[in-house]
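I opened my notebook to record what I looked up in this structure.

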Amino acid sequence: MPHQGPSDTTPSPASVGDENPFADTLVCVAGLGVSGPPVARALLARGARVVVVDGRDDETTRRVAAELTEAGARVVLGRTPLPEGCDLVVISPGWRPDSPLAERAAEAGVEVIGDVELAWRLKPADQVWLAITGTNGKTTTVRMLESILRADGRDALAVGNVGTPIVDAVLPDAEGHVHDILAVELSSFQLHWSESLRPRAATVLNVAPDHLDWHGGLEPYARAKGRVFARGTLRVVNTADEWSVRLAEEEGDPHTPLVGIRSDTPRAGELGVVEDLLVDRAFVDEPHSSAEELATLADVRPAAPHNVSNALAAAALARSVGVAADSVRAGLVAFVPEPHRIAHVARVAGVDYVDDSKATNPHAAAASLNSYPSVVWVAGGLLKGAEVDDLVSSAAHRLRGAVLIGADRARIREALDKHAPEVTVVEVEGPAADAPEGHTVMDVVVAEATALAGEGDTVLLAPAAASMDMFTNYPERGRLFAEAVHRLG
């Protein structure tokens, strides 16, 4: 197979020289969020002297701090000093490079890394990492990849924003076991704070404006994503995404294979779609003259175009480590999509209701809207500075109506008035004062959308915006939408 990935010949730093480079080092762990406590515990287990700092000082933070203090760490709450004599800072992914702690560390010549970089330095030298980043689709793809690897009998685990902290996945568990392969979901924040990361194979699914305030613009945001294509890493690129191809060419190692995925007939060295089949012309003996069937479109759930692309990316990464074609199909069939990702809720009176609350930016919403020919669109929330003109312009011919909610609904209304003036638009501020007990704003939204929809239409919750102005998070937004649909009777 010409595109079997490069061997993992670059050992992780922790496996070079000193078997325990963290022994008796003073490490500052910045942040007590999701990644901070596992990082602190891992370093304590390696004999490091750990100081944890966090600017918060609330009940939840104090509880976590007490647990880490009992484990041997020193914890400072309410401020974030750089400990005197600090050898290393392990910073939580969301901390910006211009945060005071990061700047003080830079001035003092103290290295700052993230949890992913630490995990890479701690991992066994023979553990294989297959890495996935992109603006949208990361969690779905990493879960698909995990399912495919397991269907092939591999000892694999999905890590990142999918349940298991990455640091925990590189250290032996209570029985001394460490997984052979990790399917690693990586954010732009995590990649920014990574230096020596060398996955066996990696993909950038797509790049669209997001987190621009953190990175300072689209170019640095994209370049952070491109760091996943490190020296020795096989590159899987989405040929339909300009940034994916560009980053693989400009940031990747030109001496490693480049494998494309596409939504139509693949060329030699690519995976793609022929009629209703997912096929491989990269990891076969004769890519210029033969192809191997991997699965059917019916095996991908849901078979929306962007999700087929996710499945092809997962398949390419799995095939890079020798996974059998039959295992790709078995893994995709076994895969259960995460909630609130283009999830079909119900069909009522010939109208389909779909919950894609996870579509929290315009790029994700565009992929969702492109999956249906006639849509009543439920949108709005916090746009986080994103523009929606291109989204509305491209989707205008699909829109039968729109129901808008949230703080930035006026900006979406302006785009609709400009690019789709014939589309009926309803704005919803909240539930009616006389609404039945247990009914929410989503009951009003669903009722308005239902009034605009006809048989064969899809009422699609694809907000293109974050949820925190009206809801706790996007899962709550999606759950309330589904509950309102089910109350339609």
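**Ground rules**

I am working with a predicted model, where local features need pLDDT of at least 70 and side-chain atom pairs count only at pLDDT 80 or more, while totals for chains, interfaces and linings use all residues. Residues are numbered from 1 along each chain as its sequence is written, and side-chain values use heavy atoms, with hydrogens and water left out.

**Rings**

I searched the whole structure for aromatic pairs and found one. The ring centres of Trp120 and Trp129 are 5.0 Å apart and the planes stand at 80°, so I noted the pair as edge-to-face. Rings of Phe, Tyr and Trp (its six-membered ring) pair if their centres lie within 6.5 Å; planes under 30 degrees apart are stacked, over 60 edge-to-face, and the rest tilted.

Are Trp120 and Trp129 buried or exposed? Both are buried. Buried means under 20% relative accessible area, exposed means over 50%, and partly exposed is in between (1.4 Å probe, protein chains only).

Next I looked for charges over rings. Such a charge is NZ of Lys or CZ of Arg within 6 Å of the ring centre and within 35 degrees of the ring normal. Lys123 lies over the face of Trp120, at 4.6 Å from the ring centre. Lys358 lies over the face of Tyr474, at 5.5 Å from the ring centre.

Helices (H or I, at least four residues) and strands (E, at least two) are DSSP runs, numbered from the N terminus. Axes are lines fitted to C-alpha atoms, for helices over the stretch in contact, with angles from 0 to 180 degrees between N-to-C directions.

I took helix 5 (residues 138-151) and helix 12 (residues 325-334): their axes come within 7 Å and cross at roughly 130°. That makes helix 5 oblique to helix 12. Angles under 35 degrees are roughly parallel, over 145 roughly antiparallel, 65 to 115 roughly perpendicular, and the rest oblique.

Which residues of helix 5 meet helix 12? I listed Met144, Ser147, Ile148 and Ala151. Their partners in helix 12 include Ser327, Val328 and Leu332. Contact means heavy atoms within 4.5 Å.

I also checked helix 9 (residues 218-226) and helix 10 (residues 242-251), whose axes come within 9 Å and cross at roughly 65°.

**Backbone**

The peptide bond from Arg301 to Pro302 is cis, with omega near -15°. I placed Pro302 in the loop between strand 14 (292-296) and helix 11 (305-319).

Asp24 is not a glycine, yet its phi is positive, about 65°. Asp24 sits in the segment before strand 1 (26-30) and is exposed, at 53% relative accessible area. Lys384, also not a glycine, has a positive phi of about 55°. I found Lys384 in the loop between strand 17 (375-379) and helix 14 (389-395).

**Two buried residues**

Asp54 belongs to strand 2 (residues 49-54). I call Asp54 buried because its relative accessible area is 4%. Beyond neighbours within four places in sequence, its contacts include Gly31, Thr61 and Arg79.

Met442 is in helix 16 (residues 441-452). It counts as buried, at 0% relative accessibility. What separates the C-alpha atoms of Met442 and Phe481? I read 5.4 Å, although the two are 39 residues apart along the chain. Leaving aside neighbours within four places in sequence, Met442 is in contact with residues including Phe481, Leu461 and Ala484.
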